[in-house]
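Please look at the model below before reading on. The briefing that comes after it goes through the structure topic by topic.

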Amino acid sequence: MAAGPAEVRPAESNIGSVRAKSRWRKAYESSRLRDVPFETMSGVPLEAAYGPDDGEFPGEWPYTRGPYASMYRSRLWTMRQFAGFGTAEDTNARFKELLASGGSGLSTAFDMPTLLGRDSDDPLAKGEVGRAGVAIDSQVDMERLFAGIPVGEVSTSMTINSAAAVIMAMYIGVGDTTGVERAALSGTIQNDILKEYQAQKEYVFPPRPSVRLVADLIRFATAELPRWHPVSISGYHIREAGSTAAQELAFTLANGFAYVEAGLAAGLELDQFAPRLSFFFNAHIDFFEEIAKYRAARRIWARWMRDRYGATSERSMQLRFHTQTAGVSLTAQQPEVNLARVAIEALAGVLGGTQSLHTDAFDEALALPSDKAARLALRTQQVIAEETGVVHVADPLGGSWFVESLTDQLEHQAEEVFARLDGLGSGSMLEGVIACIDDGWFCREIADAAYEFQSKIAAGRWVHVGVNGYTDGDDGQPPTLHIDPAVERAQLDSLAAVKQARDDDAVRASLARIRTEAADPTINLMPALIEAAARHVTVGESMGALEDVFGTWLEHSFV
Amino acid sequence: MPDRRAGRVLLAKIGLDGHDRGLRVVARILRDAGYEVVYAGLRQTPEMVAAAALQEDVDVVGVSMHNGAHLTIAPAVVGALRGAGLSTPVVVGGIVPDVDLPQVREAGVCAVLGPGASNQEVVAAIEDAIAGVAGSGAGAGR
């Protein structure tokens, strides 16, 4: 890591001082608190955080113990269950159900063709329409997806990357057509393209024009969508692809630094956009390592933002994150056992101080969640929030010799990766990350870790209950969600109707504008994409126009 | 490490799904078991797979699917191979619900390896596929 400015900023002047605790207490006491008794079941009153007078406290630099002084005493995490399947109407009904049963935010899963910017009538989409998420071809589908849902009030998360700018344009269009101010739209779009080249592999364009699209959306959101998080920097998929916890931490934060540099290169002021960057981590089954990972992430981000990039606003230094339990930890064998895994993983996320949480459904190793499985997943979070009492005390494991040491070790391992990337990028993390995408380094590191783990299972040195141990009693599969093949037909008909009804000249003009503006990296593409969405240009058409200019990316195959 | 050439295996993901962790792990398991692995990787079509199978003269084709499109894609892969005049056996890996297994098998797929398949089950399924034994595998190999 390059040396940062040597001056001591006010945020740090407090560390090691006996004033640390009183300063935190003051911040805590000025926070609005939920109206619940902060005590144990037996009536023992609880402090909001524990530690020595000169120790680190939540909401205080370097935020290892949490971004806020009062944490869950003020506000529980957002229980945000990821949902999407079939047509826009199918998913709209699931959204309304989740909101009615106490979910506090929406999270949209798109089908594979939408994620890759292809329309439902694309030859490569055959068989995948509405399968792994909801099919969106045009703004008309987006309007159906959010019909009857107040988009100015509910916060919405959208998990999409390659086609993020195009889908975001359509969501803005939903607001525009229903009379909701852009400034009122709140939520998150994943829009983290770098980890696609490293792990999830849902890329379309080469890395550089893709990063430009990310930066365009950051710029646009900074100017017009003050309540929107334009990037969710995601370790989740890196971990699911097989990385270790330390790699997840390191690669994710490195990508974060790369986006910071891309935002600065786009002419933005750091403290204008950095507070809107958010993170998304995995909650795997190795309980304490996961908690240490979240703590290390907060501390690293604070240090880098202040010392390397010169942030002055505390909000730029405070890492906030969403968590999802580890899909890859779930088993198809004895699937009900997954309820126990998910509860443990979710608890790690909460003890690690997550701002929002998705708990996986127990049947997800078999299919998309059934209604019942989706409800049980949400109930698991409610048990943690309402019954266990773990929400009363922030960072309850802070000060544990074990967890503090693990936090330091993960931080150290991550710093080694940063040093490598920084060196390869000659002082630019963005260049270092792109260089390592180009030569396949991330993919090799992740594949090596995945294979090593599989070898451990094969050798019986790690027992996956129900898979390589305790295998009796597999009573067959529970009923799973079935996607009616009629979904694809219905979506194709609806797409044909949209194409029939629109003004073809306007569509052509919009596509020409996208191509022209794509060729000029100084222009922000968002206005052209919003105009195209309003004219019912499809996802595939807008993405195709961009691809004409940007080209296509193919990874190196290796074993 | 085995000292013989056990066979040539083509591994591919069909369609848009990018979840390649399983396919990459399987590639290494098979390589360690002495197979020659031709790794076609992501975004393959059934036609591309058939062309590669012909050109590389492989003994078995393994396709990985996590996108719920197995009922469309599995028959299409078998069909493309047969259309190219190849009798190469096809093994599917990934998430295929039990209720869909008979239909996938009827389409001409000789084994399905589900989540949690062990290294031995992976190798046994490929061995049996090459030997022309249908319905191989137990447990997670279905």
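The model is predicted. Chain A has an open sheet of 9 strands with parallel pairing, and chain B has an open sheet of 5 strands, also with parallel pairing.

**The sheet of chain A**

- The strand order in chain A is β5-β4-β3-β2-β1-β9-β8-β7-β6.
- At the edges are β5 (228–229) and β6 (231–234) of chain A, each of which pairs on one side only.
- β1(A) and β2(A) are paired in the parallel sense over 4 bridges, and A:Q81 has A:L106 in β2(A) as its bridge partner.

**Strand β7 of chain A**

- β6(A) and β7(A) run parallel and are joined by 4 bridges; A:V231 is bridged to A:L277 in β7(A).
- β7(A) is also joined by 5 bridges to strand β8 (residues 321–325) of chain A, again running parallel. Here the bridge partner of A:A283 is A:T325 in β8(A).

**Helix α2 of chain A**

- Helix α2 of chain A has 13 residues (88–100), which at 1.5 Å a residue should span 18 Å; its end C-alpha atoms are 18 Å apart, so the two values agree.
- Which residues of α2(A) are buried? They are A:A88, A:D90, A:T91, A:R94, A:F95 and A:L98.
- In general, an α-helix has 3.6 residues a turn, so residues three or four places apart point the same way.
- The cover over the buried residues of α2(A) includes β1 (78–83), β2 (105–109) and α4 (139–145) of chain A.
- Just after α2(A), A:G102 has a positive phi of about 105 degrees.

**The sheet of chain B**

- In chain B the strand order is β2-β1-β3-β4-β5.
- β2 (36–44) and β5 (109–113) of chain B are at the edges with a single partner strand each, so one side of each has no neighbour in the sheet.
- From one strand to the next, the twist averages 20 degrees.
- Strand β4 (residues 90–94) of chain B pairs with β5(B) in the parallel sense over 4 bridges. B:V90 has B:V109 in β5(B) as its bridge partner.
- Helix α5 (residues 119–131) of chain B lies across β1 (8–14), β3 (60–65), β4 and β5 of chain B, and runs at about 180 degrees to β5(B).

**Where the chains meet**

- Chain A gives 34 residues to the contact and chain B gives 30 residues.
- On the side of chain A that touches chain B, the elements giving two or more residues are α3 (112–115) and α17 (441–458) of chain A. Of these, α17(A) gives the most, with 5 residues.
- That side of chain A is made up of 17 nonpolar, 11 polar and 6 charged residues.

**A loop residue, A:H464**

- A:H464 sits in the loop between α17 and α18 (486–501) of chain A.
- With 17 other C-beta atoms within 10 Å, A:H464 is partly exposed.
- Leaving out residues up to four places away in sequence, A:H464 touches A:T331, A:I457 and B:G116.
- A:H464 and A:P479 are 15 residues apart along the chain, and their C-alpha atoms are separated by 23 Å.

Conventions: Residues numbered from 1 in each chain as written. Chains lettered and ligands numbered in written order. Predicted model: local features only at pLDDT ≥ 70, side-chain atom pairs only at ≥ 80, totals over all residues. Contact = placed C-beta atoms within 7 Å. Nonpolar A, V, L, I, M, F, W, Y, C, P; charged D, E, K, R; others polar. Expected span 1.5 Å × (residues − 1). Buried ≥ 20, exposed ≤ 12 C-beta atoms within 10 Å, placed from the backbone. Pairing = 2+ DSSP bridges. Axes fitted to C-alpha atoms, helices over the stretch in contact; angles between N-to-C directions.
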